[in-house]
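Take a look at the sequence and the model, then read on.

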Amino acid sequence: MELKNINQIETAAQSGRPELFRLGIGLLFIILIMMYTGYQYTEIHNGLMLVAAAMIGGYMAMNIGANDVANNVGPAVGSRALTLGGAIFMAAIFEAAGALIAGGEVVSTIKKGIIDPALINDPDVFIWVMMAALLAAAIWLNIATALGAPVSTTHSIVGGVLGAGIAAGGLGIANWAKMSTIAASWVISPVLGGIIAAAFLYLIKRTITYRPDMIQASNRMVPILVGIMAWAFSTYLIIKGLKKIWKADFFSALGIGLIIAITIFVIVKPLIAKQSGALPNEKSSVNRLFTIPLIFAAALLSFAHGANDVANAVGPLAAINDAILHGGIATKAAIPLWVMMVGAIGIAIGLALYGPKLIRTVGSEITELDQMRAFSIAMAASITVIIATQLGLPVSSTHIAVGAVFGVGFLREFIKASYARMIEDIKAHHAGEDHEVIEAFLNDFRRASVHEKGRMLAELKRHKAKAELTKKERKGLKKIYHKELVKRSALMKIAAAWVITVPASGLMAAMLFFTIRGMML
């Protein structure tokens, strides 16, 4: 064999080693689950089914870590507030802590009440339904992660339960009213997240970066924004993250959050003033002031996600465990410690091994992020959930976070296109004048505040109203900036993945149910 061919083989082998390492660690985790459950439960009736279900639950947990956690830390990584390694380490700790501390002792066996378990009389059939749903959801998440598409793990398991349930009990078993609200969340979640994120970013721009003295404006506004963040996240954690160990009504959560927010504001204000004192009057300095709040936001989002979404991995597994040990079908099932450990450790391992792909997608492949933009996205993630919970609207944390990224990107497009049109208007109004005169006016315009910019443009139009851009020129400018700041290919890929998540996981679950039933009968 030629030396050149040997070198090519060695290069190919080296590139495949990281993938083999990740696969090996994942398989080791599954084997350890099999060994533990096999030692504990093989002697009981249907013990082997519980062993198989535990392995599938571990596989599902790893896929949740690989796909869903990116929404919490992706913006922080994309804005370079956190390194990729630091984000993975932090998220793994807080996800596991959220699952173990606040994951709850009892979980709903039928996620979102989308099928009626009373129509499944045989506990064995119920076990097959749950196993098919769990495996189908895990496979779909695996496919979506490989394609680089962040999808909702809740929708994946909902689709799996729906598909397997219909296969077992017919169309009448499904709660179609619930399914319609879940379908509505495909639109509600990203739109709400996008609007709130864009609103926060615009507020930051108007009150800080559009001001002549950005440092002075930061001293005034950043502590207020951090206080609002503390209020939103405290309320969010009480309502969602801690709901299984401490149930508080909305107004109690809001009041406790406000007390925490005021405390944080008092602590942060002098720290911001001290930090900003040595910073130059430029946008990068403002971004630095948002770095630490953004890291805290990513950590808190990870904790809440671990507490809330671990049920997607362990809910069906807890249902199978309960059905096998007690021989019945319950709408609520206790979560043994070993089941919660499978979920918590699996999420952390999946994030560490396969999370970087989706973290990069959310953080840098949709639109360019800095700390201010990432802070706005984190705020949207918490506030949208609070609003939706109070209004009873169905939302997905994945769809909110990704929708917020797109909302920030589209706002940037709008602002850039509007500014470009202003510059073109100014140049058109100064047509025929010396280059130095035009540049002097443009320099004054760039340094002016938002209010002064409006006054300068109005003054310009009063004197030379005849010079305007044509509609075609404006449309061309707008098109250029739209292409530049938000990747349409990412938008189409993610939207398509969202729409087909429930049908895809449902169809797979139905096929897997018939396969399992055929093997067991």
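You'll find S276 in helix 9, which covers residues 250–276. Keep in mind that this is a predicted model, where local features need pLDDT of at least 70, side-chain atom pairs count only at pLDDT 80 or more, and totals for chains, interfaces and linings use all residues. Numbering starts from 1 along each chain as its sequence is written, and side-chain values use heavy atoms, with hydrogens and water left out.

**Two residues and their surroundings**

- Setting aside neighbours within four places in sequence, S276 is in contact with I215, N219 and L289 (contact means heavy atoms within 4.5 Å).
- I25 sits in helix 1, residues 3–41; helices here are DSSP runs of H or I with at least four residues, numbered from the N terminus.
- I25 counts as partly exposed because its relative accessibility is 30%.
- With neighbours within four places in sequence left out, I25 is in contact with I349 and L353.
- I25 and L353 are 328 residues apart in sequence, yet their C-alpha atoms are 8.2 Å apart in space.

**Aromatic rings**

- There are seven aromatic pairs, going by a rule where rings of Phe, Tyr and Trp (its six-membered ring) pair if their centres lie within 6.5 Å, with planes under 30 degrees apart called stacked, over 60 edge-to-face and the rest tilted.
- F290 and F375 make a tilted pair, 5.0 Å centre to centre with 55° between the planes.
- F290 is in the loop between helix 10 (283–289) and helix 11 (291–326), while F375 is in helix 13 (residues 371–391), so this pair ties together parts 85 residues apart in sequence.
- F290 and F375 are both buried.
- F513 and F514 pair up edge-to-face, at 5.7 Å centre to centre and 65° between the planes.
- F513 counts as buried because its relative accessibility is 1%, whereas F514, at 43%, counts as partly exposed.
- Y36, Y41 and W338 form one aromatic cluster.

**Helix 7**

- Helix 7 (residues 176–209) has 34 residues and reaches 48 Å from its first C-alpha to its last, close to the expected 50 Å (the expected span is 1.5 Å times one less than the number of residues).
- At S185, helix 7 bends by about 35°, the bend being the angle between axes fitted to the seven residues ending there and the seven starting there.

Note on methods. Helix = DSSP H or I, 4+ residues; strand = E, 2+ residues; numbered from the N terminus. Buried < 20%, exposed > 50% of the residue type's maximum accessible area, 1.4 Å probe, protein only.
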